[in-house]
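Welcome! Try each task before you read its solution.

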Amino acid sequence: MATYKIADLFVQMDSFGRTVSQAAPYLCEDAAPDITIASNAEELRLKNPQLSLEDCEYMSTGGNFYRQLIRFHGIMLHASCVVVDEKAYLFSAPCGTGKSTHVQLWLKLFGDKAYILNDDKPALRVLDGKVFAYGTPWSGKNDCSRNAKVELGGIAVVKRAAENSMRVLPADEAIFALMNQTARSILPELMNLLMDNIDAIVSTGKIYELSCNMDISAAKLSYETMSGKRFEL
């Protein structure tokens, strides 16, 4: 098995195809594993014959990592994550809503000052009272990710709208929003740990709802709201 360092955890994983290529930046020297990933790609393929075995492997390893990450004060969120001024900003929504498109507006707005940390499944961990975002190998078909750790600046739940507006989500809405964009099929004994992790993330007060169009002014609004700074190049 190869050893990887993902989200500051040593991960042993025997995989193939797309999973191997996307995990290459995370390869490290052998170490005692925090997480060992076993694939159930064949079983998953039987349930989803429309998918390739390689795609099933990618989904299987990602799901296995996520379930074990919960024990290390972490979650994976279905989101696109952009970094500006060493703070990570996540945009989460169902597929097709426009979260990746919104992140592209940030790249256009900030140019070289911004980069994508992960465009599909960034990891979040609560460490010493702070929340950090990490790139992971599970980064979508375009494999847009970086092996880095960045302190959380904010999480925005994206909704399409004709006009741009943004609000802080109260705790109950924020918990529901994060639960809706993370894995639900977990062992019952992990549910309490998952809820503890989500509660810790929500307690930062950095969870927002972003109603937006696809104009670059939406990126300016979301940056200024979450960072507390005026936009300046």
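Helices (H or I, at least four residues) and strands (E, at least two) are DSSP runs, numbered from the N terminus, and the expected span of a helix is 1.5 Å times one less than its number of residues. This is a predicted model, where local features need pLDDT of at least 70, side-chain atom pairs count only at pLDDT 80 or more, and totals for chains, interfaces and linings use all residues. Residues are numbered from 1 along each chain as its sequence is written, and side-chain values use heavy atoms, leaving out hydrogens and water.

**Exercise 1.** Find helix H4 and work out which of its residues are buried.

*Step 1.* H4 covers residues 99-110, twelve in number, and reaches 17 Å from its first C-alpha to its last, close to the expected 16 Å.

*Step 2.* Buried means under 20% relative accessible area (exposed is over 50%, partly exposed in between; 1.4 Å probe, protein chains only). In H4 that gives Lys99, His102, Val103, Leu105, Trp106, Leu109 and Phe110.

*Step 3.* Seen down the axis, these buried residues fall within an arc of 145° (taken from the directions from the helix axis to the C-beta atoms), so they line one face of H4.

*Step 4.* After H4 comes Gly111, with a positive phi near 60°.

**Exercise 2.** Locate Ser139 and decide: buried or exposed?

*Step 1.* Look in the loop between strand S9 (130-134) and strand S10 (149-160).

*Step 2.* Ser139 counts as buried, because its relative accessibility is 2%.

*Step 3.* Its side chain makes a polar contact (a pair of N or O atoms within 3.5 Å; within protein, one must be able to donate a hydrogen and the other to accept it, and residues adjacent in sequence count only if both atoms are side-chain atoms) with the side chain of Asp143, at 2.7 Å. Another, of 3.3 Å, joins the side chains of Ser139 and Gln22.
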